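Take a walk through this model, starting from single residues and ending with the whole chain.

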Amino acid sequence: MKRILSIIICFAMLVVTLPSCSGAESETTPYVIENGYIYNVTEKTTPEDFLKRMPSVEDISSTGEYVATGDIAVGKDGKEYVVVIYGDGDGDGVITVYDYILVKRLYMGTIKLDKAFEEACKCEPEVSVYDYILVKRHVMGTYVIGTVPHKAPSIDPSGKVNGNGIKIAYIPLDNRPVNKERVVFLAASAGFELLIPEEELYRTALDNMPPNSDGSTIGNRVQLLQWLKSVENECDYFVISLDQLISGGLVGSRYLSNTDLSFEKEVCDYLASLAKKKHIILFDTVMRLASTVGYQGYDIDTYNALRGYGQKARKQLSGSQLTVENIIDGYRYDAYGNKISVSVSNSVLDRYLASRERKLRVIDYLLSNAASDIERLYIGVDDSSPQITIQTNEINYITSLAGDNMTLFAGADELGVMGIAAIATEVYGVAECKVTYFGEGKDMAADGFDTDTLEKCIEKHFDSIGADMNSEKENALQVLVLTRSSNVSRNADKLMAQAVENINSGIPTCIIDASDNNQTLPQKMLDYDYDIAKLLGYSNWNTVANATGIALSNAVSRYVYLYNSTDVTAESNKAFLQGLTFSLIKDISYKRKGITNLNDRSAYGPATILSRINSSEMMIADGEFANHGKVSASNFRYPWNRSFEATFDITVN
């Protein structure tokens, strides 16, 4: 977009302009000179053709067949200019696989390039994921640099983006509310259109639930693949649970133990081809230490026995010894080579280990064939543990394959919402945020599941969705984190005082409860007097990693949409209120006291929270607030027949 503008200005005003992505469209597109660089040169341009199109240049220093980034052109006035070819980061005059690896690494901050070569890797002032995708598609033959990408968001002269209506195909981990309702609300709150299969295609049925209409108890993998292919052409982005698409969901991924992986490889091959053409965010899990209680007769005694079995330290592999076969061979033996005993039958143990093997072989096949093409890869360690377990070698092996675009989390249920947030920052721009910790727990382990400190856990979530956590901008999103501490109540008061001050001053604010106390902060959030609907995000749901991903994804997505979108729609406001209401009722009322009646008007009842929301204004743009329609909740239920997955309907009139 900016390069098109630059060409127009170049013709109209005869002045030089900024380089940008869509300039090298044809032989008639003029070269542009700025700050000692020559832009708009296409790949595979011979020195002879270059000189014909640049009569003001007397000589070009090319030593190869083609003019390349870094070549020096000498003008007839004796001045020297450096050639920049967008996409040619390695300076050979041709855009190849090595170039998109360079662009990606430059974006990730793992390499530095000399100025001309850095210029060749970006079409805006800063290198972005957008550059990586354009160059990658050019190499794969699905896009020619200089054309408009498939449904790229339009940018107005102020730099704001119209991303409304961008379509995202979403395959959830399963049909629990954290993977369904929260994601649906979040996508709509950022102006996106979410395409999601019929629920029965990704539904899990435990032993105390009726099966799906086809008699299955997990998602329909074949029909899900067909659905994905059917929406491929109309969607701009894809957020896909590998567990669901290959195993019928999280529960299925812990249970299936087939050794014929023909279907699984078919799915992986399709994903590999899709990743060459489209923006794909893929998330998967490392199988937890034991399977699911209440599924296929699996009882709590079996769960406890196999969880203890999985917790035993295995011999740690590294270097050439870290292979799939060696990992599998070591499943049955402890760190000293002794066979580990367990109080379950051989058939139960064999199936458990076969499920682990199947899951490891599938991710190995996918990453061995498509790791560099997947735009973002989130791996959640299901039932993570800071100690060495049966999972550790699996984690290390996956990490060795995945590369820079993978992030490993000690949680799984936040990964769907994070995929949406990553798309929001890619469309609307990096989220400018500032994190403040309350309490002394920043350097402690995030919780009993996490292998990272709280600070590292927070940092990983920021980085993986395209958010800057150290911004000094005046309107930066303020992320307030309550940590574990010796005096949770005092630090919760400090956090709430800051939150109230922020909200009263019109500063965008998000709250993450990372304390080990699920009562104190939820209580104080209703004790203080402020417009609670002005919050952009909140969670204390389940693990710290889950709460961080949920709160941050909601806040960041809404923040970049409000501050960088050309048009904030009424539908997005409605969806935001639904998502915030769900978080406040589920994560405050439900965790604080439990819910038996949505009309409960006691101190922390759902009706009390709804009253606070309905008496609050909401943020509708940068520093602007307005009243909203009435929010109500109904149909409280347990779709999985477990209290953990409680949900309800939310209406905004």
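**From residues to the whole**

Tyrosine 81 sits in strand β5 (residues 80-83). Strands here are DSSP runs of E of at least two residues, helices are runs of H or I of at least four, and both are numbered from the N terminus. This is a predicted model, where local features need pLDDT of at least 70, side-chain atom pairs count only at pLDDT 80 or more, and totals for chains, interfaces and linings use all residues. Residues are numbered from 1 along each chain as its sequence is written, and side-chain values use heavy atoms, with hydrogens and water left out.

Is tyrosine 81 buried or exposed? Its relative accessibility is 16%, so tyrosine 81 counts as buried. Buried means under 20% relative accessible area, exposed means over 50%, and partly exposed lies in between (1.4 Å probe, protein chains only). Setting aside neighbours within four places in sequence, tyrosine 81 contacts Ile33, Gly36, Ile38, Asp71, Ile72, Ala73 and Gly75. A contact means heavy atoms within 4.5 Å. Asparagine 35 is 46 residues from tyrosine 81 along the chain, and their C-alpha atoms are 8.6 Å apart.

Move on to glutamate 264. Helix α10 (residues 262-275) holds this residue. Glutamate 264 is buried, at a relative accessible area of 2%. Which residues does glutamate 264 touch, not counting those up to four places away in sequence? They are Arg221, Ile246, Asn258, Arg358 and Val362.

Next comes alanine 646. This residue belongs to the loop between β21 (631-637) and β22 (647-652). Its relative accessibility is 1%, so alanine 646 counts as buried. Not counting residues up to four places away in sequence, alanine 646 touches Pro177, Phe582, Lys586, Tyr590, Phe636, Arg637 and Tyr638. Lysine 167 lies 479 residues from alanine 646 along the chain, with 29 Å between their C-alpha atoms.

Now step back to the whole protein. It has 21 helices and 22 strands. Its radius of gyration is 26 Å, close to the 26 Å that the globule rule gives for 653 residues, so the protein is as compact as a globular protein of that length. That radius is taken over C-alpha atoms, and the rule is 2.2 Å times the number of residues to the power 0.38. Along the principal axes, the C-alpha trace spans about 85 × 60 × 50 Å.

Of the 653 residues, 57% are buried. Among contacts with a separation of 6 or more, 68% join residues 24 or more positions apart.
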